Number of protein chains: 2
Amino acid sequence: MGVIHRFREEGKSCLWEGARTRPYSGEGYEGTMQWLIGKPEKAPNFALRYFEIQPSKSSHLEQHEHDHGVIIFRGKAKVRMGEEEQLALPGDIVYIPPNEIHQFTNVGEGTLGFFCIIPAKRGADTD
Amino acid sequence: MGVIHRFREEGKSCLWEGARTRPYSGEGYEGTMQWLIGKPEKAPNFALRYFEIQPSKSSHLEQHEHDHGVIIFRGKAKVRMGEEEQLALPGDIVYIPPNEIHQFTNVGEGTLGFFCIIPAKRGADTD
């Protein structure tokens, strides 16, 4: 049976009913992410997570075999892909192909929030 | 190399730079959808599309082997999953597992817009 995870805003945070909150460590901080679609939904093909990054903080600089589809939902990101950097704003879609070096930095004044799609099958059960 | 498809609003429509607009037929109408991540991005694992449905219109009632991850972006949807119907609002996440009957109806006054994730490998190159 399908499922709906209902969205609500609580203060500056975006929250989803029935989502699983998991630890997430970025560049110089320990935060959390929310799993919205994944193993509990028995999703065989892809997973969906939501990340929040506070102003001036960054995700870790990463490079791995699986790809990312990202939808910016809140705030202002500087996106590093390979040797390039670009700004991304709410509604923008970012595709990071397999093995591309990438990092998201919050360059706005409020929380940076984005959805991130990953394949269900990947080398390690990481980001 | 990664790519950013930049978002803009034009009147009541949401548009993305570099996205491919493709025909989409719903229940009693011919519309379009936008492909945001797919073959042109060489995405091997998943695809991302954006659908707009006008007030009182519906997507086709469908049942197929591939699953859907949906993020409601604009408007108000009635979501049929199996024999059940539920309302979904902006920010809500809908997961439709493989082989679940499903249909999205716009029950609001404005455009219903949603993102839809599908696996890259699926039985037919359809919705």
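## Close-up views of the chain A and chain B interface

**View 1. Salt bridges across the interface.** Across the interface of chain A and chain B, 2 salt bridges are found by the rule, in what is a predicted model. In one salt bridge, the side chain of Arg6(B) meets that of Asp92(A), with a distance of 3.3 Å from N to O. Polar contacts between chain A and chain B join 18 residue pairs, counted where both residues have pLDDT 80 or more. The side of chain A that touches chain B receives two or more residues from each of several elements, among them β1 (3-5), β5 (29-37), β6 (46-53) and β12 (112-119) of chain A.

**View 2. The extent of the interface.** In this view, 40 residues of chain A are in contact with 40 residues of chain B. The area buried between chain A and chain B is about 3,300 Å², and carbon and sulfur atoms give 68% of that area. On the side of chain A, the residues that lose the most area to chain B are Phe46(A), Ile93(A) and Tyr95(A), which together make up 21% of what that side buries.

**View 3. The relation between the two copies.**

**View 4. The largest nonpolar core and Phe115(B).** The largest nonpolar core holds 32 residues, and those with the most contacts inside it are Trp16(A), Leu48(A), Phe115(A), Trp16(B), Leu48(B) and Phe115(B). Leaving aside residues up to four places away in sequence, Phe115(B) touches Ile71(A) and Ile93(A) of chain A, and its contacts in chain B include Trp16(B), Leu36(B), Leu48(B) and Tyr50(B).

View 5. Gly91(A) belongs to the loop between β9 and β10 of chain A. With a relative accessibility of 3%, Gly91(A) counts as buried, because buried means under 20%. Apart from residues up to four places away in sequence, Gly91(A) touches Ile72(A) as well as Phe7(B), Trp16(B) and Phe73(B). Gly11(A) lies 80 residues from Gly91(A) along the chain, and the C-alpha atoms of these two residues are separated by 21 Å.

Notes
Residues numbered from 1 in each chain as written. Chains lettered and ligands numbered in written order. Predicted model: local features only at pLDDT ≥ 70, side-chain atom pairs only at ≥ 80, totals over all residues. Heavy atoms only, no water. Core = buried A, V, L, I, M, F, W, Y, C linked by side-chain atoms within 4.5 Å. Buried < 20%, exposed > 50% of the residue type's maximum accessible area, 1.4 Å probe, protein only. Contact = heavy atoms within 4.5 Å. Buried area = accessible area lost by both parts, 1.4 Å probe. Salt bridge = Lys/Arg side-chain N within 4 Å of Asp/Glu carboxyl O. Polar contact = N/O pair within 3.5 Å; in protein donor to acceptor, adjacent residues only side chain to side chain. Helix = DSSP H or I, 4+ residues; strand = E, 2+ residues; numbered from the N terminus.
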